[in-house]
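Here's a quick briefing to read with the model open beside you. Grab the viewer and follow along.

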Amino acid sequence: MCSLSALFPVQSQLDCALDDAATQQEKENIVNEYLERLGEKEDLKIPDFQTGQGLEWLNTRGPLSLNNELSGKVVLLDFFTYCCINCIHILPALHQLEKRHTVKDGLVIVGVHSAKFPNEKVLANIRSAVLRYDICHPVVNDSEAHLWHELEVSCWPTLVLLGPCGNLLFSLVGEGHRDRLMLFADCALRHYGKQGLLKSHDVGIKLYKDSLPPNILAFPGKVAIDNGSKRLAIADTGHHRILVVSLNGQLLHVIGGPESGRKDGDVTEASFSSPQGVAIKGDVVYVADTENHLIRKIELLEGKVTTVAGVGAQGTDREGGAMGTTQPISSPWDVTLGSVEDNVLWIAMAGTHQIWALFLADGKLPKVSESKAGVCVRWAGSGSEENRNNSYPHKAGFAQPSGLALAPEEPWSCLFVADSESSTIRTLALKDGAVKSLIGGERDPMNLFAFGDVDGKGVDAKLQHPLGVAWAPEQSLLYVADSYNHKIKVVQPKSKLCNTLAGTGEVGDTLGPELIKTSFNEPGGICVGDGGKLLYVADTNNHQIKVLDLVSKTVSRLPIITECTDSAPIRSVPSTKAPKFPKSAAKKEMAPVSVAAGQTVVMSLTLSLPEGAKLTEEAPSCWTLSAEGTEWLLDHQVTTGDITDLSKPLVVSAKLPPEFKESPSDPKLTLAVWIYYCLETGSACTMKAASFSQPLNITACLGEVEEVTVALAHAF
């Protein structure tokens with residue numbers, strides 16, 4: 001068995017020849033000759049996935065082996081860790097490759113997750129990342145990096161292409177190799193196909209996302225507040241959309257989603273791709289449209305979306321200075337408004353490890369020449385991935401900055417930066433651009449592994465991949481979403497003292513009763529409301545916004561009320577995709593019930609589990625209500641929800657329209673439930689589903705009866 005060190009001398013000659021080749025045909029000929037020579041070498045087979053190494057698999061029916069399921073396949077190993085922006089950058093190329101060559105064609109991509117942070121070793125957290133990034137190929141959790149060390153992999157991402165016998169063919173290190181990856185894969189499939197060594201069998205892929213319960217939010221990345229209009233903007237990242245809600249959760253606007261896209265124009269047609277940062281002021285929302293590599297502007301009153309920075313493709317420019325819509329940018333992760341003159345949109349440019357500025361009006365930054373309105377320019381960060389502080393902003397180094405908070409007032413006058421890969425909070429002075437350390441990390445600028453979970457001062461405090469920061473000017477306090485520690489922390493900038501405010505440090509979704517006993521799951525965004533009395537937290541992997549009341553020391557979930565009430569241009573909330581309904585699920589047809597326009601149909605369902613079983617907390621059970629063919633019966637009503645308690649009946653109500661615009665043909669309501677439960681005596685867990693179809697007899701009038709109740713029951 002061999003490692004990449006045996007391949008590098010062989011492939012280096014190939015890489016040099018390809019660099020000199022002028023045409024695509026020349027390149028293909030060079031690769032084909034390389035594959036012919038490689039076929040004569042018997043010493044390039046790699047170790048198989050070992051069952052005794054504690055490997056855990058996702059998106060498959062079971063473990064995969066190079067000697068069994070993957071035999072006869074060209075296999076692409078993607079060594080990645082889910083926090084890494086460079087790893088995220090190559091995913092579009094992998095998606096493209098999967099569309100180009102299927103498993104039946106002979107190509108299988110396997111993600112080999114080799115964690116940087118301790119939090120990334122946990123299978124449930126990797127599963128959330130697989131869902132967030134829409135990864136549809138098998139992923140193995142190599143939590144102790146056995147295969148990483150056996151193959152002598154040295155950095156993320158690393159791609160390794162294997163032949164049908166598990167033999168090394170090619171390796172690509174880092175991002176930016178899309179064309180060469182396609183060339184290598186195309187040639188390898190043709191080469192081994194001609195030799196008759198490829199097999200078309202299925203490898204047992206089973207996507208976890210097909211069994212997901214529905215939710216109004218999916219992996220919300222950031223939340224921002226406009227205290228003037230008393231509204232929140234939420235980046236509903238997993239649904240590729242932006243929600244604007246009142247402070248009590250009343251839905252006001254939905255822009256984009258549920259599918260990804262890149263379209264400007266009317267808010268009813270605009271689309272985004274995994275948006276992260278949001279900033280709202282009045283009727284304008286700015287969006288870091290992360291996977292489109294764009295900054296977008298939503299004008300709520302006009303009902304339109306425009307692009308204000310970026311070209312729609314990942315940029316490599318580390319200087320900037322062009323007008324926004326001609327300036328390529330890379331993976332913007334957060335945005336915030338304001339400056340001394342209030343004329344700048346600040347951008348955390350995670351893809352190039354820098355802080356950029358988009359001028360909303362003519363202005364000037366310290367140590368940067370005068371800029372016209374619309375110009376997008378780098379302000380701080382050399383582009384090298386470092387934890388380097390410097391009085392000259394261009395010489396400082398960041399490591400995937402992911403959160404911003406502005407403190408324009410004296411004596412602070414700075415941007416606070418959540419620098420995720422260095423696990424630090426940094427300050428960027430508005431007056432002269434000096435970059436300084438606030439908390440976390442260590443003094444060696446090259447050490448990006450100084451993480452932990454320690455309260456304390458300055459570098460003695462330790463964080464783990466923080467993604468969000470929020471400033472409370474009334475109290476002069478900075479709040480931090482310490483994402484991989486699943487905590488909210490509070491920092492006193494003057495003393496540099498950092499303490500845990502909320503969170504147990506363990507993954508969970510509990511509400512106290514005390515702040516310290518509340519649990520989160522990789523919270524990614526945070527903002528301050530009500531004069532520093534409230535914190536709104538984007539609890540990303542729990543798919544919700546949590547509200548921390550700092551006066552009463554209590555926590556609640558922000559309900560998203562889906563009935564839109566304002567007159568501004570809106571899009572109806574698209575139905576969240578329900579889990580796939582199993583063929584074996586119970587389907588019950590109820591006797592028809594007589595109803596009239598304006599009445600409320602109440603479905604009361606009693607469910608019971610087998611003896612010794614309990615609901616699975618990690619996979620929340622859910623329900624959906626539908627009216628197939630007569631969807632207008634349920635317009636603007638909640639049609640999905642969670643099931644958390646079976647000790648009492650599930651009650652779902654549907655208010656019929658006050659008048660029927662048409663005479664519905666065979667109308668019926670269908671209540672479907674998905675129940676995830678485990679046996680208390682062992683580790684066996686399962687998901688069961690059932691549906692209940694309730695036909696409706698529409699009558700002219702039923703007197704003064706406002707509700708019609710239907711009692712249902714089912715035992716799993």
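Let's start with His293, which sits in the loop between β13 and β14. Helices (H or I, at least four residues) and strands (E, at least two) are DSSP runs, numbered from the N terminus. Bear in mind that this is a predicted model: local features need pLDDT of at least 70, side-chain atom pairs count only at pLDDT 80 or more, and totals for chains, interfaces and linings use all residues. Residues are numbered from 1 along each chain as its sequence is written, and side-chain values use heavy atoms, with hydrogens and water left out.

**Two histidines with positive phi**

- His293 has phi near 55°, a positive value in a residue other than glycine.
- With a relative accessible area of 10%, His293 is buried (buried means under 20% relative accessible area, exposed over 50%, partly exposed in between, with a 1.4 Å probe and protein chains only).
- His240 isn't a glycine either, yet its phi is positive at about 55°.
- You'll find His240 in the loop between β8 (231-236) and β9 (241-246), and it counts as buried at 15% relative accessibility.

**The sheet around β13 and β14**

- Strands β13 (residues 284-289) and β14 (residues 294-299) pair in the antiparallel sense over six bridges (two strands pair if DSSP finds at least two bridges between them).
- Val287 stands opposite Arg296 in β14.
- Zoom out and there's an open sheet of five strands, antiparallel in its pairing, in the order β11-β15-β14-β13-β12.
- The edges are β11 (265-266) and β12 (278-281); each has a single partner strand, so one side of each lacks a neighbour in the sheet.

**Aromatics**

- Rings of Phe, Tyr and Trp (its six-membered ring) pair if their centres lie within 6.5 Å; planes under 30 degrees apart count as stacked, over 60 as edge-to-face and the rest as tilted.
- The count by this rule is twelve aromatic pairs.
- Phe79 and Trp148 have ring centres 6.5 Å apart and planes at 70°, so this pair is edge-to-face.
- That pair links distant parts of the chain, 69 residues apart: Phe79 is in strand β2 (residues 74-80) and Trp148 in helix α6 (residues 146-150).
- Phe79 and Trp148 are both buried.
- One aromatic cluster is made up of Tyr82, Phe117, Phe449, Phe451 and Tyr484.

**Cis peptide bonds**

- Trp156 and Pro157 are joined by a cis peptide bond, with omega about -15°; Pro157 lies in the loop between α6 and β5 (158-162).
- Gly512 to Pro513 is also cis, with omega near 20°, and Pro513 lies in the loop between β29 (497-502) and β30 (525-529).
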